[in-house]
Amino acid sequence: MRAPQLVYTATACAALRAAAVRRLRPTRRLINMRGLDAFAAAADASWTRALNADPESKQHEPNKSSRRVKSGHYVPVVPTALQSPELKLHSKELCEELGLAEADVKDERFARFFSGDVDALSLGATWATPYALSIMGEPQTRNCPFGTGEGYGDGRAVSLGEVVVDDKRWELQLKGGGRTPFCRGADGRAVLRSSLREFLASEAMHFLRVPTTRALSLVVSRTETTKRPWYSGARDDAVPAPSISEDDPRLAKFPPQVRKQLIRQLMRQGGDDPDVMIEESCAITCRVAPSFSRVGHVDLFSRRARQDAMRMTEYEKIVQHVIAREYPELLGEDATRLPQVDDLKPVALKFAEASREKLASLAANWLRVGFCQGNFNADNCLVGGRTMDYGPFGFLDQYDPSFAKWVGSGDHFAFANQPGAALANWGTLVRSLAPLFDDPAPLQALLDDAHGYFQAAVDDCYRRKLGFPDGVDASDKPKSLWRRLEPQLRGLDYTIFFRELMNCVEGGDASVLEKACYEPLTEEKRSFLNEWLNDWRSALGDTAGVAERMRRENPKHILREWMLVEAYDAAGAGDWSVAEELHELIREPYADRAQLDKKYYRRAPDAALRRPGTAWMT
């Protein structure tokens, strides 16, 4: 059952609209103008204008050393510019949305600015932000160097500013822009390997129609390098092929969750950890989004407000600002007075409802395209429901509900458990609204009712993948078919299976699906698939339009890790053609293209399923 819909009071609407408009109203607007200079003229940093700076930032300038940030919504930090920057990739589509032409991209100021040289094209203030860490709904402090939970924040991400282009707000953020107060001893840099993965993954998710932060540019230093731990490859042959299943009699005495952990451990014999330090070129990706407001932002100031009532003002400001940035439709028309705490309550509940829908949809979309984020903590969860943090991610090759590319993901961040992680993060957001309420009942009602929304989104995901039209009850025949198929899908290629399945709409047997097999089909599995195919076609009934619906929902091309490894290995040796080809491939992930299909529409090479740094990573 849905929670009762709330009605705004006139006072609440008027107050919140006024505050939001004042705080977000651009000081300058870009109207029918183009070029880098016009782009700079469109700067409007609402985060620094509407929110509070760390009051101790002046005494700690330049704010590039790890320290406890006890107050304020941001710390002024100037990024550390890359040495000898060279632009390697950029998003033409995103440039167009930002009003930038190809001539602007070729301007030497573009590479300089988007690699941290703010003198090349100043947008004004630059900053890093603190946030709290929660894992699966549990507040964390043990990883904080100060033991207080105030050591978390953007360790190597610096916001370059915000621009308002054609009435749309964008925040620009550098990944690898050098040290900030939240770096906890690291160098604040990113390298070519991780930056190329971030750029291509952001682009891939956008064209897969999955909400995501965008990647504007990838700039690499010609001279600056840093060392990172990685895999030498010396132990590749020692790692056994993934031939162990949960049905293996050797595992029968263990409970299911322990079996999964043992399987992964046995598959990764030879060591999870990198065994060598390698020197890599420094690089920076500029990621772009309407906002980078995280659940962890609200969570931090909620914790502070609960501990000290004097911190309520800062807390109210972050709640107001996040709503205005991500859900302005909740605020309606302009008005004239500042909101009081009571005025925030009804809109905060609407905010919780809206973010619930976005996060449930996001996790379901990850399942749809075979993506595992891998580290879906509340600090990596944007309240606007976009994918972010492309460090530990991975796309499925063989279907495994326990799949995760990062060895630290645990079962809670595994592929099939991502809706549960999204629900836990949303629960953290809801609980962070508690300081606004004397009576927790409205928030608790939302929490009690939430699981069904996330399950409904998952059911709808598989309705779409199986070709059922809108209007069909996703919890009925589609859900039943998926539940029967899921155990038998393990070990098959997830993407290829669903793409080939659309060729079975009008007929055909299990042999059509053999392209997805990593091992020859057993007679038992072949028999199951033939029976399932008949039941699926019968459940569909009218097959008109089914194949086309499936083509829109089931991608042909995903960004498989072995492809990325080929791209960054070649780029590290000076050959960017592989990365450029992948960039072209992922821009049309649902299309049939003969030459690229022959090269990339295939299951992963056997070695890629067991190679450290490709099959998994730390």
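Modeller: What follows starts with one hairpin and then moves on to other parts of the chain.

Keep in mind that this is a predicted model. The hairpin is built from strands β6 and β7, with two residues between them. Strand β6 runs over residues 157-165, and strand β7 covers residues 168-175. The two strands pair in the antiparallel sense, and eight bridges link them. To see one place where they face each other, find Val 164, which stands opposite Arg 169 in β7. In the turn, Asp 166 has a positive phi of about 50°. Most residues other than glycine have a negative phi.

Nine of the nine residues of β6 are buried, so the strand is mostly covered. In a regular strand the side chains alternate between the two faces of the sheet. For the chain as a whole, 58% of the 618 residues count as buried.

Positive phi values turn up elsewhere too. Ser 84, in the loop between β1 and β2, has a phi near 45°. Asp 389 has a phi near 70° and sits in the loop between β11 and β12.

Another backbone detail to look up is a peptide bond. Glu 61 and Pro 62 are joined by a cis bond, with omega about 10°. Pro 62 belongs to the loop between α3 and β1. Most peptide bonds are trans.

Now the helices. In α18, which spans residues 546-553, Val 546, Met 550 and Glu 553 are buried. These three lie on the same side of α18, because they cover an arc of only 65° around the axis.

Helices α12 (residues 418-431) and α14 (residues 450-465) pack against each other at an angle of about 145°, and their axes are 10 Å apart. The crossing of α12 past α14 is right-handed. On the α12 side, the contact is made by Pro 419, Ala 422, Leu 423 and Trp 426. On the α14 side, it is made by Ala 450, His 451, Phe 454 and Val 458.

Ser 202 is found in helix α7, residues 192-207. It counts as buried because its relative accessible area is 1%. Leaving out residues up to four places away in sequence, Ser 202 touches Thr 212, Thr 213, Arg 214, Ala 215 and Tyr 390.

Finally, the chain as a whole. It holds 21 helices and twelve strands. Among contacts between residues at least 6 apart in sequence, 76% join residues at least 24 apart. The accessible surface comes to about 24200 Å², and 49% of it belongs to carbon and sulfur atoms.

Methods
Residues are numbered from 1 along each chain as its sequence is written. This is a predicted model: local features need pLDDT of at least 70, side-chain atom pairs count only at pLDDT 80 or more; totals for chains, interfaces and linings use all residues. Side-chain values use heavy atoms; hydrogens and water are left out. Buried means under 20% relative accessible area, exposed over 50%, partly exposed in between (1.4 Å probe, protein chains only). Helices (H or I, at least four residues) and strands (E, at least two) are DSSP runs, numbered from the N terminus. Two strands pair if DSSP finds at least two bridges between them. The arc is that of the directions from the helix axis to the C-beta atoms. Contact means heavy atoms within 4.5 Å. Accessible areas come from the Shrake-Rupley method with a 1.4 Å probe; for residues, only the protein chains shown count as cover. Axes are lines fitted to C-alpha atoms, for helices over the stretch in contact, and angles run from 0 to 180 degrees between N-to-C directions. A crossing is left-handed if the near helix is turned anticlockwise from the far one by less than a right angle, and right-handed if clockwise.
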